[in-house]
Protein chains: 2
Amino acid sequence: VPVTEPAPSGRPARSWVPGAAGSLFDADNLPYAVAGPGPLAGHVLTRLGDYLLDLAAAAHGSRSDLSGLLAGGSLNPLMAAGPPVWADLRAWLTDLVTDPGHRSGLSLLPVDEVPLRLPFEVADFVDFYASEHHATNVGRILRPDGEALAPNWKHLPVGYHGRAGSVVVSGTPVRRPSGQRLGQQGTPVFGPTERLDLEAELGFVVGRDVPEGRVATSEVGVTVFGVVGLNDWSARDIQAWEYVPLGPHLGKSFATSISAWVTPLAALEHARLPLPVQDPPVLPYLRERGATTYDVEVEVEVAGEVVARTPYAAMYWSPAQMLAHLTVNGAPLRVGDLLGSGTISGPERHQRGSLLELSWGGREPWTAGGRQRTFLEDGDEVVLRPTAPGALGRIALGEVRGTVVAGDAP
Amino acid sequence: VPVTEPAPSGRPARSWVPGAAGSLFDADNLPYAVAGPGPLAGHVLTRLGDYLLDLAAAAHGSRSDLSGLLAGGSLNPLMAAGPPVWADLRAWLTDLVTDPGHRSGLSLLPVDEVPLRLPFEVADFVDFYASEHHATNVGRILRPDGEALAPNWKHLPVGYHGRAGSVVVSGTPVRRPSGQRLGQQGTPVFGPTERLDLEAELGFVVGRDVPEGRVATSEVGVTVFGVVGLNDWSARDIQAWEYVPLGPHLGKSFATSISAWVTPLAALEHARLPLPVQDPPVLPYLRERGATTYDVEVEVEVAGEVVARTPYAAMYWSPAQMLAHLTVNGAPLRVGDLLGSGTISGPERHQRGSLLELSWGGREPWTAGGRQRTFLEDGDEVVLRPTAPGALGRIALGEVRGTVVAGDAP
């Protein structure tokens with residue numbers, strides 16, 4: 001695929017941290033997370049290989065200008081400090097982890113020893129529907145007699161607001177929700193969902209307050225701080241009954257899991273790709289040039305089995321277009337706004353990012369552990385593992401884990 | 001209308017504050033607001049007649065246990081303190097403003113001298129669609145060939161998430177939003193909305209964190225702190241083009257205005273009424289008994305002319321049912337969550353709470369100032385004035401004002 005903008009020339013040296021060089025967490029990655037309960041609670045961390053570095057401690061003394069931003073309990077203060085600070089922090093950090101002269105002054109912790117919390121305070125959460133393959137599949141499954149895509153679909157990135165208060169960090173168990181669904185008799189029945197699904201997505205985290213909205217596509221780099229992995233858990237039977245005419249609500253609002261790690265956009269410079277061709281042409285406020293999407297693949301694992309590998313590069317709408325559309329009416333942005341991509345699906349069967357698609361509405365079971373499966377069962381662990389090309393090799397974006405636990409007795 | 005639960009017997013004495021007795025702000029009202037920029041910034045206020053009382057100052061010394069909650073910059077700390085504190089504060093305040101012995105120790109300020117800010121930090125905003133008259137009218141206008149109500153409508157209170165970051169306080173000008181709408185040629189065009197509308201609603205403010213959700217209808221009194229007036233500004237042409245299949249987004253997300261004043265539920269005890277009969281019967285989690293809705297009327301004024309008086313008592317779904325439905329899937333509640341009722345419309349033409357209905361989709365102009373009108377024009381001021389029976393007379397709930405200002409040149 002041709003890249004129409006030159007890749008940035010700067011490639012960092014490999015990290016001196018033991019095991020980092022050549023791993024998914026080398027000096028070209030440097031994601032951010034926030035420590036949960038314990039001695040480091042509220043400190044910002046990064047990861048090299050299988051070690052964590054406490055950035056608040058590392059900045060103490062030498063970079064006291066940054067240390068306040070790195071012990072704020074969430075990434076919000078760091079994000080609000082703005083893009084020059086984001087760049088300065090990353091440059092300082094790159095020097096720390098690549099120049100072995102800093103080795104003696106830094107203490108490293110094994111990744112498993114520090115619990116991680118929700119990395120930022122979510123302001124508004126908007127989930128988009130940006131994959132043509134996903135939207136077409138869903139249209140064919142749910143509305144087999146109509147057009148797969150609504151007439152607006154290729155003119156604007158369709159999206160809706162989700163529940164910010166339901167966003168949880170990777171590792172949080174997900175309780176099977178109860179709700180209304182349409183029963184066999186044509187009347188609603190109440191009980192635990194029978195069609196619990198995952199949606200493999202990326203989330204884009206806004207790091208800037210824009211009270212007047214109207215962000216241009218070209219401003220994405222100074223507006224989006226970073227990227228998270230995102231699982232938009234969905235109860236398909238609840239959703240199917242409730243969603244006309246105002247959209248999904250209870251079928252989605254019980255939980256949305258995001259990764260503990262936020263990958264800065266700067267780490268994805270080498271993953272940039274141009275969007276697929278958009279036809280018909282989009283309105284001027286959605287136009288953009290160059291390599292505006294990302295070559296991220298999300299591996300989807302259910303109950304120990306990889307069921308899909310979904311290509312973000314196949315998405316129809318770019319992150320910048322979602323941002324420009326979201327704000328074109330003057331809607332304000334706040335630090336901590338989260339934009340979900342919508343389910344990432346590619347053209348192939350093994351590239352479908354939801355069980356609704358993988359099982360074609362439950363009619364085509366798939367096999368895991370020798371058993372036939374359609375939707376999620378209690379006890380299933382779902383793991384999303386996004387990766388992308390970095391400057392030195394492949395980098396891991398934030399992994400998202402969650403295990404389904406039983407709901408109310410039916 | 002029969003009230004199936006006894007009205008509370010306690011009626012306060014009338015207030016000694018000059019002009020308060022017999023006004024819409026007597027001792028049976030006692031709403032809360034928060035002062036904006038100036039010497040009282042961040043202090044909680046109440047209103048008697050045309051005077052404000054600074055509660056942080058009044059509590060200083062004698063009620064130092066409350067004073068921290070009354071100078072917190074928003075109502076969130078007070079709300080989070082819980083229902084016993086809400087009741088204690090109201091009892092103390094009732095004594096202050098009815099016992100003339102307190103007169104010398106309190107300073108009163110004219111209402112016009114203190115700017116008011118957004119009274120609480122909005123967590124999640126969910127807007128419902130709880131009026132059968134409104135939903136039926138909208139169905140007939142927008143989908144004349146189909147059933148007016150979707151099959152789910154009488155089984156669950158349909159709702160969707162709005163944009164919390166777009167909630168603004170009464171008095172904030174509202175810029176006419178631009179966006180995509182379907183043009184005459186069947187392709188989208190971009191520009192300022194040509195169908196800017198108001199929606200007369202009430203908003204219910206959650207004062208309790210409920211991490212596990214599943215709030216029972218009977219818990220509304222310990223969960224909802226109070227009520228605001230709410231104008232859910234809507235761009236009908238943008239909304240009509242975008243809303244299939246995921247619901248309203250840009251057509252709503254540019255601004256939602258709420259009153260600066262929050263009326264505690266306790267002030268509405270004398271306004272309680274039973275719901276209209278629900279047929280078919282609702283599922284068990286939505287069942288409730290007694291007088292669970294409120295006899296609130298919202299006067300709607302556009303450009304100086306009263307265009308409607310909408311009866312909240314005609315709503316099909318109660319606040320407790322909205323709350324129970326919203327959380328039945330385990331969705332958490334947070335202090336500051338805002339539940340909009342949806343447009344309040346009654347059965348009569350002059351009871352329609354939106355211009356979409358008053359002009360029947362733009363096809364039946366109405367008259368203001370001798371001119372024919374359909375949707376909002378630049379310069380129009382919209383005022384919503386909710387009132388209800390109180391213990392001593394009629395009480396005013398929070399008024400919502402907003403003036404439309406021009407958007408981008410088309």
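**Exercise 1. Find the partner of A:D337 in a salt bridge across the two chains, then see how many such bridges there are.**

Start with the side chain of A:D337: in this predicted model, A:D337 and the side chain of B:R163 meet in a salt bridge, at 2.8 Å from N to O. Now widen the view to the whole contact between chain A and chain B, where the count comes to two salt bridges. Then look at polar contacts, taking residues at pLDDT 80 or more: here you get 26 residue pairs between chain A and chain B.

**Exercise 2. Work out how much area chain A and chain B bury between them, and which residues of chain A lose the most.**

Next comes the area, about 4900 Å² buried between the two chains, with 58% of it on carbon and sulfur atoms. On the chain A side, A:R163, A:L246 and A:N329 lose the most area to chain B, and together they make up 17% of what that side buries.

**Exercise 3. How are chain A and chain B related, and through what surface do they meet?**

First, superpose them: a rotation of 180° with 0.0 Å of shift along its axis puts chain A on chain B, with an RMSD of 0.0 Å. The two copies are therefore related as by a two-fold rotation axis. Next, look for the residue of chain A closest to that axis: A:G247, with its C-alpha at 2.1 Å. Finally, check the surfaces: 98% of the interface residues of chain A are also interface residues in chain B, so the copies meet through the same surface.

**Exercise 4. Describe the largest cavity and its lining.**

Count first: the structure holds five cavities of 30 Å³ or more. The largest one has a volume of about 70 Å³. Its lining includes A:H161 from chain A, along with B:H161, B:F125, B:Y160 and B:R163 among others from chain B. Sorted by class, that lining has three nonpolar, six polar and three charged residues.

Terms used
Residues are numbered from 1 along each chain as its sequence is written. Chains are lettered from A and ligands numbered from 1 in the order in which they are written. Side-chain values use heavy atoms; hydrogens and water are left out. On a 1 Å grid over the protein atoms alone, a cavity is a set of points where a 1.4 Å probe fits but cannot get out, and a pocket is an open set with protein on both sides within 12 Å along at least five of seven lines; lining residues have an atom within 4 Å of a point. Grid points are joined across faces, edges and corners, and a volume is the space filled by probe spheres set on the points. Ala, Val, Leu, Ile, Met, Phe, Trp, Tyr, Cys and Pro count as nonpolar, Asp, Glu, Lys and Arg as charged, and the others, Gly among them, as polar. Copies are superposed by least squares on the C-alpha atoms of residues with pLDDT of at least 70 in both. Contact means heavy atoms within 4.5 Å. Buried area is the accessible area (1.4 Å probe) that two parts lose on being put together, summed over both. A salt bridge is a side-chain nitrogen of Lys or Arg within 4 Å of a carboxyl oxygen of Asp or Glu. A polar contact is a pair of N or O atoms within 3.5 Å; within protein, one must be able to donate a hydrogen and the other to accept it, and residues adjacent in sequence count only if both atoms are side-chain atoms.
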